[in-house]
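Thanks for coming. I will take one model today and go from the whole chain down to a few single residues. Here it is.

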Amino acid sequence: MTSFLILNGPNLNLLGTRQPEVYGRTTLDDIERMCHDKAGSLGIEVETAQSNHEGTLVEHIHAARGVHDGIVLNAGAYTHTSVALRDAITGVALPTVELHLSNIHAREAFRHHSMIAGVALGVICGFGAAGYPLAIEALLGALEDRAG
Ligand code: DQA
């Protein structure tokens with residue numbers, strides 16, 4: 001069965017209470033539930049994980065190889081800094097959707113650049129928690145197109 005890893009990075013465990021005017025009031029638990037519901041409705045599986053540590057995120061990406069068919073990654077602030085996460089995605093060669101709750105291009109200049117985007121299949125940002133099910137659907141659609 002098709003399976004995706006839904007991976008969230010630093011500070012996303014605080015969702016619900018963290019700057020709700022920017023990130024909304026949906027908690028990470030709510031988001032993970034939405035992902036499982038979406039996967040169920042599409043007949044696929046998802047595994048969800050979150051870490052505040054860059055190396056742990058790298059290890060989650062490595063462990064996805066041979067287990068998952070793609071990754072939805074909200075790398076949080078590491079998006080803007082992490083060559084290691086970019087290299088991990090390139091290394092496992094799994095199709096990856098970069099995701100952000102907020103529209104990073106409408107925010108501070110340091111958020112406009114992503115280390116991940118250049119190796120991602122696509123980027124979804126600015127739709128809040130609704131971006132997660134969108135990303136799952138888009139990733140599945142892209143895989144189905146590839147399979148022909
Ligand atoms: C974020 C955007 C990042 O710039 C920020 O550091 C985050 C969350 C988002 O989901 O909007 O932690 O990835």
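How far apart are the mean positions of the positive and negative charges of the protein? They are 6 Å apart, for 9 positive and 16 negative charges. Lys and Arg count as positive and Asp and Glu as negative, with His and the chain ends not counted. Each charge is placed at NZ of Lys, CZ of Arg, CG of Asp or CD of Glu.

Some ground rules. This is a predicted model, in which local features need pLDDT of at least 70 and side-chain atom pairs count only at pLDDT 80 or more, while totals for chains, interfaces and linings use all residues. Residues are numbered from 1 along each chain as its sequence is written, and side-chain values use heavy atoms, with hydrogens and water left out.

Now the overall fold. The protein has five helices and five strands, and along the sequence they run β-α-α-β-α-β-α-β-β-α. The radius of gyration is 14 Å, close to the 15 Å that the globule rule gives for 148 residues, so the protein is as compact as a globular protein of that length. That radius is taken over C-alpha atoms, and the rule is 2.2 Å times the number of residues to the power 0.38. Helices here are DSSP runs of H or I with at least four residues, strands are runs of E with at least two, and both are numbered from the N terminus. The C-alpha trace spans about 40 × 30 × 25 Å along its principal axes.

Of the 148 residues, 48% are buried. Buried means under 20% relative accessible area, exposed means over 50%, and partly exposed is in between, with a 1.4 Å probe and protein chains only. Among contacts with a separation of 6 or more, 77% join residues 24 or more positions apart; contact means heavy atoms within 4.5 Å.

Next, helix α3, residues 54–64. Which of its residues are buried? They are L57, V58, I61 and A64. Seen down the axis of α3, these buried residues fall within an arc of 120°, so they line one face of the helix. The arc is that of the directions from the helix axis to the C-beta atoms. The buried residues of α3 pack against β1 (3–8), β3 (70–74) and α4 (83–92). Just after α3, G66 takes a positive phi of about 80°.

For background, most residues other than glycine have a negative phi. N11 sits in the loop between β1 and α1 (20–23) and is partly exposed at 34% relative accessibility. A93 belongs to the loop between α4 and β4 (96–100) and is exposed, with a relative accessible area of 62%.

Leaving aside neighbours within four places in sequence, K38 is in contact with P133, I136 and E137.

T2 lies in the segment before β1 and is partly exposed, at 28%. Not counting residues up to four places away in sequence, T2 touches I44, E45, D69, L140 and L143. T2 and T26 are 24 residues apart in sequence and 27 Å apart in space, C-alpha to C-alpha.
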